[in-house]
Amino acid sequence: ARTGLSTFVCGVLYVAIGLPLAPTLAAMPQSATSFVLIYVGCSFSAEAAGIKWDDPIAAVPAFLCIISQPFLFSIADGIYIGLGPPT
């Protein structure tokens, strides 16, 4: 898969489908997308039940990820903060 064919196909699909639909999707009110964001947040938080909270080696990085993502407004930065504590 080093030919770049998947990148080419994604680019073609973006131009063929994404650009014509852009004005329609831009006209969608933000309140219509709020349910999806709430659902994704609930499904992410449901995974926190599987964390071993009595084990500090697993709990501290998970806690830092969970707490820092909303404050940094970035999932990637929250994961980066969680990778910082020594394990």
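Visitor: What share of the 87 residues of the protein chain counts as buried?
Guide: The share is 11%, where buried means under 20% relative accessible area, exposed means over 50%, and partly exposed is whatever falls in between (1.4 Å probe, protein chains only). Keep in mind that this is a predicted model, in which local features need pLDDT of at least 70 and side-chain atom pairs count only at pLDDT 80 or more, while totals for chains, interfaces and linings use all residues. Residues are numbered from 1 along each chain as its sequence is written, and side-chain values use heavy atoms, leaving out hydrogens and water.

Visitor: Why is phenylalanine 73 called exposed?
Guide: Its relative accessibility is 77%, so phenylalanine 73 counts as exposed. You'll find phenylalanine 73 in the loop between α3 and α4 (75-83). Its phi is also positive, about 60 degrees, although the residue is not a glycine.

Visitor: And what makes lysine 52 exposed?
Guide: Lysine 52 has a relative accessible area of 56%, so it goes in the exposed class. Its place is the loop between α2 and α3.

Visitor: Which residues does lysine 52 touch, not counting those up to four places away in sequence?
Guide: Those are Ala58 and Ala59, with a contact meaning heavy atoms within 4.5 Å. From lysine 52 to alanine 62, ten residues along the chain, the C-alpha separation is 9.5 Å.

Visitor: How do you know that tyrosine 80 is exposed?
Guide: Its relative accessible area is 63%, so tyrosine 80 is exposed. This residue sits in helix α4, and its C-alpha atom is 9.8 Å from that of glutamine 69, eleven residues away along the chain. Alanine 76 is in helix α4 too, and with a relative accessible area of 53% it is exposed.

Visitor: What makes the pattern of the protein chain α-α-α-α?
Guide: The protein chain has four helices and zero strands, so reading along the sequence gives that pattern. Helices (H or I, at least four residues) and strands (E, at least two) are DSSP runs, numbered from the N terminus.

Visitor: How does the radius of gyration of the protein chain compare with that of a compact globule of 87 residues?
Guide: The protein chain has 19 Å, whereas such a globule would be near 12 Å. The radius is taken over C-alpha atoms, and the globule rule is 2.2 Å times the number of residues to the power 0.38. Along the principal axes, the C-alpha atoms fill a box of roughly 50 × 40 × 20 Å.

Visitor: How much space lies in the largest pocket?
Guide: About 390 Å³. A pocket is an open set of points on a 1 Å grid over the protein atoms alone, where a 1.4 Å probe fits, with protein on both sides within 12 Å along at least five of seven lines; lining residues have an atom within 4 Å of a point. Points are joined across faces, edges and corners, and the volume is what probe spheres set on them fill.

Visitor: Which residues lie nearest the centre of the largest pocket?
Guide: Gly41, Phe44, Ser45, Ile66 and Gln69, out of 13 lining residues. The elements giving two or more residues are α2 (30-46) and α3 (56-72), and α3 gives the most, with five.
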